[in-house]
There are 2 protein chains.
Amino acid sequence: MRVIEDDRRFLMREDPMERVRRMLQRRGEWLRGRTGDNVTQMHYARLGTLTGEMEFAAGREGLEPGVVRREVAEGRMVIPANIRHVELEPMAIGFAAKCKVNANIGNSAVTSGGREELGKLKAAILAGADTVMDLSTGRDIPQIRESILRHSPVPVGTVPIYEALERVPSRDPRDLDIDLMLRVIEEQARQGVDYMTIHAGILREHLPLVKGRLTGIVSRGGGLMAGWMLHHEKQNFLYTHFDQISEIFQKYDVTYSLGDSLRPGCLHDATDEAQVAELRTLGELARKAWAMDVQTMIEGPGHIPLDQVAHNMRLEAEICHGAPFYVLGPLVVDISPGYDHLASAIGAAAAGASGASMLCYITPKEHLGLPDEEDVRQGTIAYKIAAHAADIARRRPGARDWDDELSRARFAFDWNRQFALAIDPETAQHYHDETLPQDSMRSAHFCSMCGPKYCPMETARAALAEGNGDKKR
Amino acid sequence: MRVIEDDRRFLMREDPMERVRRMLQRRGEWLRGRTGDNVTQMHYARLGTLTGEMEFAAGREGLEPGVVRREVAEGRMVIPANIRHVELEPMAIGFAAKCKVNANIGNSAVTSGGREELGKLKAAILAGADTVMDLSTGRDIPQIRESILRHSPVPVGTVPIYEALERVPSRDPRDLDIDLMLRVIEEQARQGVDYMTIHAGILREHLPLVKGRLTGIVSRGGGLMAGWMLHHEKQNFLYTHFDQISEIFQKYDVTYSLGDSLRPGCLHDATDEAQVAELRTLGELARKAWAMDVQTMIEGPGHIPLDQVAHNMRLEAEICHGAPFYVLGPLVVDISPGYDHLASAIGAAAAGASGASMLCYITPKEHLGLPDEEDVRQGTIAYKIAAHAADIARRRPGARDWDDELSRARFAFDWNRQFALAIDPETAQHYHDETLPQDSMRSAHFCSMCGPKYCPMETARAALAEGNGDKKR
């Protein structure tokens, strides 16, 4: 039952710091001697070298290490593993791997600080997040990031333009420039950030396409870059200086998460010209990154009607040459503020089932405020369910083993095992005990829904035993 | 904006009793003179008569009344409207109509009573449930049902075998017989029940097919009938006496909800021989019911991997000749006790998008206990989101209007209108106010997620205004 154990490691309630400590020495050994200006997993994969990270990630996936090497070499899989983030347990994101979940954390100018953010990190990891992004835009960005990196066994992503803007003396986004961006990117890379969102795909010529939209631009970085281009009447400096960013990424093995600045912000704007035009640029940039051995993911929407989700996955695979697609939800309705984790889990499961490699969670607080620790937990659980549904739908080997185990425990009325196998044991037990709290109920062949006489599993089992069904015929 | 208004009537927080009172006189007029042994909507539809119910239901759907008449005549749509349930606001269930949501309420031997059940009815209706089923199996079944019927503006369904079993003196399901069942069915029909689950599709020859399953039979009525058949070594009496049941249904216009006794209880058992064999019998029974002008829905799973959901919808449409499919979830994972409303909303949205006519909700308490009022509310909201996602995916005319309205309010930072348009205004406002409670924040062009500087909608709007984007090029 290896796969179950890996899927459910997070249920062991292991402190993330334990995992960090266990990994430090091992990763240190793998990294020994890995020097030079090009140390990416893609570089080694293309040389035919099997790295420790590839082997470790393959083990977690139940894949042959050679398959991981080949997928990384061809750009269809990434192993976001900055050589300075030694605490990391390497993992793989790509079509051949299990569907992954990212949890966004980070403070804002309005609320939260370092201690709260570490609490969110722990909540996300304990609930099963495969990566986290630190989207801090408030105070102490570098300190919060340092603390997250040193405590995180999962890859950490950032959006460096947020810190860059904090460091513009005027705080005016029109005063951003490539030199500052490159400085911030290099500092974050040196600190150990595993992947970074870079809004290089939004171009001057795309902006008129936004005109007919209901909600304009809803990417924070994308909005900043649009403003910069319109003010300066120049092309996006992240696009024109893309290779300089790639040089930094090469040196530390930072993975690109190419931002979709023009993702739709509502169903009305879904799969429109602006979105698809930017996607074409992202496909072009993926090839440029690969030419320098830099690992690359493509970010995707957002808000997409359910009948367009699979189409969007196919479109990305085609236009972006199979680069892993990392989608945000998508939400399949716009009318669910307060329940957007649920509404987007519908789109996320559909996206995962039809090819998305990683699902960026949405919490119940989306569109309303900054998520707190409980929101992070709820969002992560919703998305682990969506990702697991996708893995089953895509028939990943062994994906259903966990479900079958729980179903066996259910049919056997082994309540304690059902709780233990549940995605959130405490909640499952709490709901059960609300109406049947006594200890004796742990061996009951019913719950309060049907009571002792109507449990269908019990009725049918007894009947089939009596009738000895199949033998009589 | 008629469609929005209809979709969102439930947000007006109108007391269900108000709706009941308003309807009583109107429906009384329609029903005047509708006597005889065959008073079904299907009967009138086939005669070419447009009933008040058809016109009213068509108005709610934004369909031509003639379309509703034709769909009802051909069995692809039902209007569950017992002539004795005068309080009812008629509604349509079928492929040409919007996707509907059913909420199960009812007590069990272990918990809940009449007052709690009325509370659940109200919670379900205020959250937008299109029908409710009273699945009571505890004390006072007829009294609870009477109270629900007299307070319900939505169709009420039941599973008469539960009451029948309560009336077997021995309480032993093996002592059930067709005479008692017909008595109970007639009494419930006379009381005004709009649709009934009848487990007539499970046959003796299906039982050996259950052998390889992980969770056997998980339908309560199905388990009882299996036990009866195995004990008596006879065919299912609901199957052999089907036409006698249909005669009662004809007289009061009760709609069949043909129970799927052999629905899978876990992913392992999905779409297996047992399930499909019973579905074939249900298709045969639908034709028998239609031959007597009795309206019919088919009940469906249950637990189905996401990649098999659309296939199951096509299978039913084909095997059951287009009869409306009324599915339970389905759950797309088994590992989510405590979150089964969310996990099954994924399957429900996919089912609705690919043809299911009604979605039976699953609450967070599923598999763990009897839902209480808050569980009913949470389950109903989750399923209204799923059904709405399905309507958008199926491009029902006007389905997205509500979303566009909310998106416009969002882009305009009209917070009060966003809350008012949300599927659950209180929850949306509560989440927002957790971090920005001051009254002044009602006009803020940001929330606590991004703070005042980073709201992308605001940044981009300002930038596009400054750059005057599209005109310059």
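# A walk through a two-chain model

Let's start in a loop: Gly302(A) sits between strand 8 (296–300) and helix 14 (306–319) of chain A. Keep in mind that this is a predicted model. What kind of peptide bond joins Pro301(A) and Gly302(A)? The bond is cis, and its omega is about -5 degrees. Now hop over to chain B, where Gly302(B) lies in the loop between strand 8 (296–300) and helix 14 (306–319) of that chain. There, the peptide bond from Pro301(B) to Gly302(B) is cis too, with omega near -5 degrees.

While you're in chain B, take a look at another loop, the one between strand 10 (358–360) and helix 16 (373–393). His367(B) is found there. The backbone of His367(B) has a positive phi of about 75 degrees, even though this residue is not a glycine.

Time to zoom out. Chain A comes in two parts: domain 1 covers 5–393, and domain 2 covers 414–472. How far apart are the C-alpha centres of these two domains of chain A? They lie 42 Å apart.

Next, think about how the two chains relate to each other. If you rotate chain A by 180 degrees, with 0.0 Å of shift along the rotation axis, you superpose it on chain B with an RMSD of 0.0 Å. That is the relation of a two-fold axis.

Let's look at one place where the chains touch. Helix 16 (residues 373–393) of chain A and helix 15 (residues 340–353) of chain B have axes that come within 10 Å and cross at roughly 40 degrees. An angle like that makes helix 16 of chain A oblique to helix 15 of chain B. The crossing is right-handed. From helix 16 of chain A come Ala382(A), Ile385(A) and Ala386(A), and they meet Leu342(B), Ala343(B) and Ile346(B) from helix 15 of chain B. Sort the residues of this contact by class and you get six nonpolar, no polar and no charged ones.

Helix 16 of chain A has a partner inside its own chain as well. The axes of helix 6 (residues 114–126) of chain A and helix 16 of chain A come within 9 Å and cross at roughly 20 degrees. Are these two helices roughly parallel or roughly antiparallel? With that angle, helix 6 of chain A counts as roughly parallel to helix 16 of chain A. Here, too, the crossing is right-handed. Gly119(A), Lys120(A), Ala123(A) and Ala124(A) are the residues on the helix 6 side, while Glu373(A), Val376(A) and Thr380(A) meet them from helix 16. By class, this contact has three nonpolar, two polar and two charged residues.

Key
Residues numbered from 1 in each chain as written. Chains lettered and ligands numbered in written order. Predicted model: local features only at pLDDT ≥ 70, side-chain atom pairs only at ≥ 80, totals over all residues. Heavy atoms only, no water. Domains from an automatic or database assignment. Least-squares fit on C-alpha atoms with pLDDT ≥ 70 in both. Axes fitted to C-alpha atoms, helices over the stretch in contact; angles between N-to-C directions. Helix = DSSP H or I, 4+ residues; strand = E, 2+ residues; numbered from the N terminus. Parallel < 35°, antiparallel > 145°, perpendicular 65-115°, else oblique. Left-handed = near helix turned anticlockwise from the far one by under 90°. Contact = heavy atoms within 4.5 Å. Nonpolar A, V, L, I, M, F, W, Y, C, P; charged D, E, K, R; others polar.
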